Amino acid sequence: APKVATVAVKKTATVLSSLKALGITVVKRSKITATSRTKKVCSVVGGTKVKGLKKGVCKLTVKITPPKTKKVPKPKTTTKRIKITIK
């Protein structure tokens, strides 16, 4: 079965927990910022939390920047488009 991330209406969840629910691995200490593409269904609080506004499919654009390391002084930001079901 495909992996699904869900958030209840009027509840919030972290974007990180939604990514994990969808099986997307995120390196520790990565900077995560999200924006909602479905503003009527869900909103993003502080760039890191998703709030369900009404039932439907919430579409998010998530930018993940891994932490700087000695090997990678300028880590590359990856953009993921995820869907979260609002129940």
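Predicted model: local features only at pLDDT ≥ 70, side-chain atom pairs only at ≥ 80, totals over all residues.
## The disulfide

Let's start with the sulfurs. The count here is 1 disulfide, and the cysteines involved are C42 and C58, with an S to S distance of 2.1 Å. That sits inside the 2.5 Å cut-off for calling a disulfide. The link is right-handed, with 70 degrees about the S-S bond. C42 belongs to strand β4 (residues 42-45) and C58 to strand β6 (residues 56-65), so the bond ties together parts that are 16 residues apart in sequence.

Both cysteines are buried.

## The nonpolar core

C58 turns up again in the largest nonpolar core, which has 19 residues. It is among the residues with the most contacts inside that core, alongside L19, L60, V62, I82 and I84. Two or more core residues come from each of β1 (5-7), α1 (15-21), β3 (31-36), β6 and β7 (78-86). The top contributor is β6, with 4 residues.

As background, nonpolar side chains in soluble globular proteins tend to be buried together.

## The sheet

Four of the strands make an open sheet, ordered β1-β7-β6-β3, with mixed pairing. β1 and β3 are the edge strands with a single partner each, so one side of each has no neighbour in the sheet. On average, neighbouring strands are turned by 40 degrees against each other, direction ignored.

T33 sits opposite K63 of β6.

How values were computed. Residues numbered from 1 in each chain as written. Heavy atoms only, no water. Buried < 20%, exposed > 50% of the residue type's maximum accessible area, 1.4 Å probe, protein only. Core = buried A, V, L, I, M, F, W, Y, C linked by side-chain atoms within 4.5 Å. Pairing = 2+ DSSP bridges. Axes fitted to C-alpha atoms, helices over the stretch in contact; angles between N-to-C directions.
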